[in-house]
Amino acid sequence: MIILGIDPGLATIGYGIIEIKGNKYRALDYGIIKTEPKMNFPDRLLKIHRDLDELINKYSPDDIAFEELFFNKNVKTALSVAHARGVLILTSKMYNEELYEYTPLQIKQAVVGYGRAEKHQVQEMVKVILNLQEIPKPDDAADALAVAIIHGLCLKNKDLYRMK
């Protein structure tokens, strides 16, 4: 089973691709999709689409899971990120019938065992679970790997986390 985890954003989108065989989790790839603020907005969205499309074609994930957006006090930023998330969802839907999403609290609970865990605790557990030599960088990539990990842990009940 190959799972693509996505940490949505506009300037920086984290992605993490893991493979699960039995109870073994292995990172296949992780990193970020980056758009520059100097780019015009439609071009940023197009870059997000093209880069995600390339990742999906390369790895053919069985499932794609997202971190849910949390409410942002800056409405303009929240709307921009929501537009980018829409592109990520649409691109993913072109390849996978069902998509999944998890709250930050659920992700921390699953990966660390504590829903209010600090970012460095999540990163350390991602390193341990995936048997990596070092904590994945940047933070957005580590977050996306955590999304993929929680989805792997929830496979038997994944319908509960299906995006509606």
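Residues are numbered from 1 along each chain as its sequence is written, and side-chain values use heavy atoms, with hydrogens and water left out. In this predicted model, local features need pLDDT of at least 70 and side-chain atom pairs count only at pLDDT 80 or more, whereas totals for chains, interfaces and linings use all residues.

The largest pocket holds about 450 Å³ of space. A pocket here is an open set of points on a 1 Å grid over the protein atoms alone, where a 1.4 Å probe fits, with protein on both sides within 12 Å along at least five of seven lines; lining residues have an atom within 4 Å of a point. The lining comprises 22 residues, and Asp7, Pro8, Glu67, Phe70 and Asp143 lie nearest the centre of the pocket. By class, the lining of the largest pocket has 12 nonpolar, two polar and eight charged residues. At least two lining residues come from each of helix 2 (75–93), helix 3 (104–112), helix 4 (119–129) and helix 5 (139–153), helices being DSSP runs (H or I) of at least four residues and strands runs (E) of at least two.

Leu90, Met94 and Tyr95 make a nonpolar surface patch of about 320 Å². Patch residues have over 30% relative accessible area and no salt bridge, and nonpolar side chains are joined within 5 Å. Met94 is located in the loop between helix 2 and strand 5 (100–102). Met94 counts as exposed because its relative accessibility is 51%; the cut-offs are under 20% for buried, over 50% for exposed and in between for partly exposed, with a 1.4 Å probe and protein chains only.

Nine salt bridges are counted, each a side-chain nitrogen of Lys or Arg within 4 Å of a carboxyl oxygen of Asp or Glu. One of them joins Glu97 to Lys93 at 3.5 Å, N to O. Glu97 is exposed at 61%, while Lys93 is partly exposed at 40%.

A salt bridge also pairs Glu98 with Arg162 at 3.5 Å, N to O. This pair links distant parts of the chain, 64 residues apart, with Glu98 in the loop between helix 2 and strand 5 and Arg162 in the segment after helix 5. Both partners are partly exposed, Glu98 at 32% and Arg162 at 30%. Glu98 and Arg162 are linked with Asp159 in a network of salt bridges.

Within helix 4, Glu124 and Lys127 lie three residues apart, about one turn of the helix, and form a salt bridge with the closest N and O atoms 3.6 Å apart.

Conventions. Points joined across faces, edges and corners; volume = space filled by probe spheres on them. Nonpolar A, V, L, I, M, F, W, Y, C, P; charged D, E, K, R; others polar. Patch = residues over 30% accessible without salt bridge, like charges linked within 9 Å, V, L, I, M, F, W, Y side chains within 5 Å. Areas by Shrake-Rupley, 256 points an atom, 1.4 Å probe, with all protein chains shown as cover.
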